[in-house]
Amino acid sequence: MPEKEIIPVTNDVMFKALFVKCPEALAGFLASALKIERSTIKNVRIKNPELTPSCYEGKLTRLDILLELYDDVINIEMQVSKTADYKDRSLFYWARVYNDALKEGQSYNESKKCICINILNFTMFEEWKEYHSSFSVREDTHNVRLTDKLEIHFLELTKVKKITRDQNEVDSLKLWMQLFKAKSKEELDMLSNTTVDDIRTSVSVIYDLSEDEKLREYIRQREKAEFDYQSDMANAMAEGEKKKEAALIAKWKAKGMTDEEIKELLG
C-alpha cells in the first residue's frame, strides 16, 4: 500500500493538530520563537485544543492555538493567504485576546501579558530581509516601551531558504521554519537528523498525522466548506452587479435613451 502524501504544516489543521498532539514540541517552538530557555518550560496548557472551528456568516474561522505559559497568554496562528488588512487584523486579534484575559472584577494592573505569534506563508515586510519581526508599543522619540504586555511577532516563511543537509549550523527557530515549510518526505527526513529533539519528535508526529484518515477527511471537508463560501460570495457579488446594471438600464430608459446608446455605455 503506497504511503499517503505528506500534509504540510502550513495547512492550519495540521499545524494545530501537531501541537495539540505533541505539546512538548509546542514548548520547543515557543522557546525558540520567544528566546526562552527550553529547560524552563515545564508545562504548556492549550486552552482551545479542539480542531472543529466555529463559523461566522457561513465562513470557517481560523484555527489558532490559544495557550497559557507561566502567567502569559499566547496566541499562535498559521496564515497562508496574504490579505491587505492582515496587520490590522493581527492587532485586532491581540486586542481580543488581551481583553478576554482580563476577568470581570479585575483591575487593569492585573491584566496579563499577551503575545501573538503570526506564522506567515507570504512576505509582509519587504523593507527588511529578517524573517522574524517583533513589535511592541514604544515612545516615538525616546524609544521607551510603554508596557511589556503587548508583543506581536511575525515569522515569514518565504524569507527562509530551503533546507540543506547541514543542519548543525542552523539556529533552532530557522529549523522550525523549515519544518513548517517542508512539503516532502525528503525534507522531513533531513530534519529528522537534526540534534534538536523537539524537531525530530515533530517529524514523527507529522508522519503519523499524515496517515490519519479522519484528519485527512476533516481537511477535505474544511477545504470544501471554504470553497463553497468563496463561491457563494462570488455569486452574491455577481448578482449584486446584475441588479445594479438593471437599475441603471431602467434609469437610462426613463430618460429616453435608446438600446444602442445604453449598450455603448455598458461597453
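The structure is a predicted model in which local features require pLDDT of at least 70 and side-chain atom pairs count only at pLDDT 80 or more, whereas totals for chains, interfaces and linings use all residues. Residues are numbered from 1 along each chain as its sequence is written, and side-chain values use heavy atoms, with hydrogens and water left out.

The protein comprises 8 helices and 8 strands, where helices (H or I, at least four residues) and strands (E, at least two) are DSSP runs numbered from the N terminus. Of the 267 residues in the protein, 38% are buried; here buried denotes under 20% relative accessible area, exposed over 50%, and partly exposed the range in between (1.4 Å probe, protein chains only). Contact is defined as heavy atoms within 4.5 Å. Among contacts between residues at least 6 apart in sequence, 63% join residues at least 24 apart.

Helix 2 (residues 23-34) packs against helix 1 (residues 12-21) at an angle of about 105 degrees, and the two axes are 5 Å apart. Helix 1 is therefore roughly perpendicular to helix 2. Axes are lines fitted to C-alpha atoms, for helices over the stretch in contact, and angles run from 0 to 180 degrees between N-to-C directions. Angles under 35 degrees count as roughly parallel, over 145 as roughly antiparallel, 65 to 115 as roughly perpendicular and the rest as oblique. The contact brings Phe19, Val20 and Lys21 of helix 1 against Pro23, Ala25, Leu26 and Phe29 of helix 2. Its residues divide into 6 nonpolar, no polar and 1 charged, with Ala, Val, Leu, Ile, Met, Phe, Trp, Tyr, Cys and Pro taken as nonpolar, Asp, Glu, Lys and Arg as charged, and the others, Gly among them, as polar.

Helix 2 is mostly covered, 10 of its 12 residues being buried. Among them are Gly28, Phe29, Leu30 and Ser32. Ala33, also found in helix 2, counts as buried because its relative accessibility is 3%. Beyond residues up to four places away in sequence, Ala33 touches Ile117, His132, His153 and Leu173. The C-alpha atoms of Ala33 and Leu173 are 6.1 Å apart, although the two residues are separated by 140 residues in sequence.

The largest nonpolar core contains 51 residues, of which Phe29, Ile76, Ile117 and Phe180 touch the most other members. Helix 2 supplies the largest share of this core, 8 residues. A second, separate core of 14 residues includes Val73, Val97, Leu120 and Phe154. A nonpolar core is a set of buried Ala, Val, Leu, Ile, Met, Phe, Trp, Tyr and Cys residues joined through side-chain atoms within 4.5 Å.

Helix 2 is followed by Lys35, in the loop between helix 2 and strand 1 (45-46). Lys35 is exposed, with a relative accessible area of 67%, and its phi is positive, near 55 degrees. Most residues other than glycine have a negative phi. Tyr70, in the loop between strand 4 (65-69) and strand 5 (72-79), also has a positive phi, near 60 degrees.
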